[in-house]
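Here's a quick briefing to read alongside the model. Have a look at the structure, then go through the points below.

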Amino acid sequence: SSWSPATIANAERAWGTYLAFLAKQQNLDPNALLESRMEEKAIVRFAEWRIESASLSTASFQINAIFNFVRAVTAGNPPAWLRDFKLNIEERFRLYLCERPEPPSPAELAWAGFELMQEGQRIEHENALRAACVFRDGLMIALTAFQGFRRRELVNLCVERNLVRADEGWQ
């Protein structure tokens, strides 16, 4: 089968991450055959580590990529346990996605932002620095509810340059 360059790169990167994990565990013999690195216990430990250190989605993605790598180096015949393990991780991820709570709506985010801004104005006389931080956080939340920003764009916003007062509001 023919794979896209991205699929190949993902498989190589995931295998490299797995090998780095083995090395960190002092379980990487540079003279060992490739088959000995496809040990079920080690790959399961790797997946558990990825779930713990990153997320279930990262683990699912990397196990799928490792499966693709192994499939490529075994001429399309990976071990059955690896196929089953990959399907198990994917199913866990699907269930996780079904159980996640709904994200807040843009209106709910905007309202939360406005409430923080009001809180910042209310406590301004108590602690000016804390009030400014609370107001800033509320403003960032409210702005992102209405307009998607990249982190750099949001950090670089500047009053009077990007946000200009116009009559009763800002633009």
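**Surface, fold and rings at a glance**

The protein chain exposes about 12,000 Å², and carbon and sulfur atoms supply 53% of that (Shrake-Rupley method, 1.4 Å probe). Keep in mind that this is a predicted model: local features need pLDDT of at least 70, side-chain atom pairs count only at pLDDT 80 or more, and totals for chains, interfaces and linings use all residues. Residues are numbered from 1 along each chain as its sequence is written, and side-chain values use heavy atoms, leaving out hydrogens and water.

**Overall build**

- The protein chain has 8 helices and 2 strands (DSSP runs: H or I of at least four residues for helices, E of at least two for strands).
- Reading from the N terminus, the order is α-α-α-α-α-α-α-α-β-β.
- With a radius of gyration of 24 Å, well over the 16 Å the globule rule gives for 171 residues, the protein chain is more spread out than a compact globule (C-alpha atoms; the rule is 2.2 Å times the number of residues to the power 0.38).
- Its C-alpha trace spans about 70 × 35 × 35 Å along the principal axes.

**Aromatic rings**

- There are 7 aromatic pairs in the structure (Phe, Tyr and Trp rings, Trp by its six-membered ring, with centres within 6.5 Å; planes under 30 degrees apart are stacked, over 60 edge-to-face, the rest tilted).
- Phe46 and Trp49 make a tilted pair, 5.9 Å centre to centre with 40° between the planes.
- These two sit 3 residues apart in helix α3 (residues 40-53), so about one helical turn separates Phe46 and Trp49.
- Phe46 is buried at 0% relative accessible area, while Trp49 is partly exposed at 27% (buried is under 20%, exposed over 50%, partly exposed in between; 1.4 Å probe, protein chains only).
- Ring pairs join Phe46 and Trp49 with Trp15, Tyr18, Phe21 and Phe69 in a cluster.
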